[in-house]
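Let's take a walk through this structure together. Have the sequence and the 3D view at hand as you read.

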Amino acid sequence: MWGEDPIVVLTLILYGGRVKNTTTPLSVPPAMPLPDLGGHPKRVTFNSIVTVKGHGELKIRPIQRDDEEEMIEFHGRISEESIYMRYFEYLKLDQRTAHERLVRICINTSESYAIVVEQPAALPRPAAILAVGRLTKTSKPYVVTFDTLMTDQESTPQLGKVLLKRLIKLAHAFGFQVLTGELLVADHDTLKLCRALGFSLQTLLEDGLVRVTLDL
């Protein structure tokens with residue numbers, strides 16, 4: 001009986017006034033999973049050593065649970081002005097380094113993924129985080145946002161370029177189609193970098209922001 005197969009195509013073919021019923025299995029392609037930040041794409045190396053002009057050899061890696069002490073030192077080298085430039089609000093050092101906050105941000109999830117650029121330890125100097133970059137999912141399935149933060153002493157175009165290029169590569173590897181972010185109009189260096197890397201820029205006059213967008 002044709003109803004035994006739950007998925008059938010009923011083809012009616014007329015032959016000299018007669019109707020012939022035939023059934024053909026219907027192949028339904030599996031739904032494509034939506035991208036998230038919790039996978040392990042094979043197209044990207046998560047830990048690598050890069051040489052950055054003015055900084056020497058640096059390590060780029062995912063953020064880790066035991067980075068809390070390094071993150072405290074990292075934030076101690078960032079001024080409140082630099083924090084405002086990145087997050088559009090003033091956050092005091094004790095707020096940024098609160099244990100509850102660091103426990104939350106020193107872990108990657110399917111919704112948020114962070115990487116650090118680290119200066120490797122060399123006696124007597126311990127390892128030190130110089131920059132942090134983060135991808136965050138949005139309500140749009142194939143759109144992901146980014147933000148970056150560097151210590152005041154190490155904030156250079158060369159380091160910023162290495163960090164943002166790695167975020168672009170990660171966003172693409174995770175399966176997203178659009179990378180976007182919002183920057184203050186006064187953040188000339190980052191806007192210049194985004195323009196050089198192919199982002200389109202849209203000024204949001206009422207907010208004093210510029211939205212940068214890159215098709216991956």
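What follows is a short tour, from the whole chain to its sheet, helices, cores and a few single residues.

First, some ground rules. This is a predicted model, where local features need pLDDT of at least 70, side-chain atom pairs count only at pLDDT 80 or more, and totals for chains, interfaces and linings use all residues. Residues are numbered from 1 along each chain as its sequence is written, and side-chain values use heavy atoms, with hydrogens and water left out.

**The whole chain**

The protein chain has 6 helices and 10 strands; these are DSSP runs numbered from the N terminus, helices being H or I with at least four residues and strands E with at least two. Of its 216 residues, 38% are buried, meaning under 20% relative accessible area, while exposed is over 50% and partly exposed in between (1.4 Å probe, protein chains only). Among contacts (heavy atoms within 4.5 Å) with a separation of 6 or more, 60% link residues 24 or more positions apart.

**The sheet**

Eight strands form an open sheet with mixed pairing, in the order β3-β4-β5-β6-β7-β8-β10-β9. At the edges stand β3 (48-52) and β9 (200-204); each has a single partner strand, so one side of each is left without a neighbour in the sheet. On average, neighbouring strands are turned by 25° against each other, direction ignored; angles run from 0 to 180 degrees between N-to-C directions, with axes fitted to C-alpha atoms, for helices over the stretch in contact.

| Strands | Bridges | Direction |
|---|---|---|
| β6 and β7 | 7 bridges | antiparallel |
| β8 and β10 | 7 bridges | antiparallel |
| β9 and β10 | 5 bridges | antiparallel |

Zooming in, Thr136 has Thr145 in β7 as its bridge partner. In β10, Val210 is the bridge partner of Leu183 and also that of Thr203. The hairpin of β9 and β10 has 4 residues between the strands, and Gly208 takes a positive phi near 70° there.

**Helices and cores**

Helix α2 (residues 80-87) lies across β7 and β8, at about 170° to β7. Helix α6 (residues 188-196) lies across β7, β8, β9 and β10, and runs at about 155° to β8.

Which residues have the most contacts inside the largest nonpolar core? They are Leu135, Phe146, Leu164, Leu170, Leu179, Phe199 and Val212, in a core of 35 residues. Helix α5 (residues 157-173) gives the largest share of this core, 8 residues. Apart from it lies another core of 14 residues, including Ile63 and Met71. A nonpolar core here is a set of buried Ala, Val, Leu, Ile, Met, Phe, Trp, Tyr and Cys residues joined through side-chain atoms within 4.5 Å.

**Two residues to look at**

Is Glu118 buried or exposed? Glu118 is buried, because its relative accessible area is 7%. Glu118 sits in strand β5 (residues 112-119), and a polar contact of 3.1 Å joins its side chain to that of Arg61. Such a contact is a pair of N or O atoms within 3.5 Å; within protein, one must be able to donate a hydrogen and the other to accept it, and residues adjacent in sequence count only if both atoms are side-chain atoms.

Phe88 lies in the loop between α2 and α3 (93-96). Phe88 has a positive phi of about 65° although it is not a glycine, and at 29% relative accessibility it counts as partly exposed.

Key:
Pairing = 2+ DSSP bridges.
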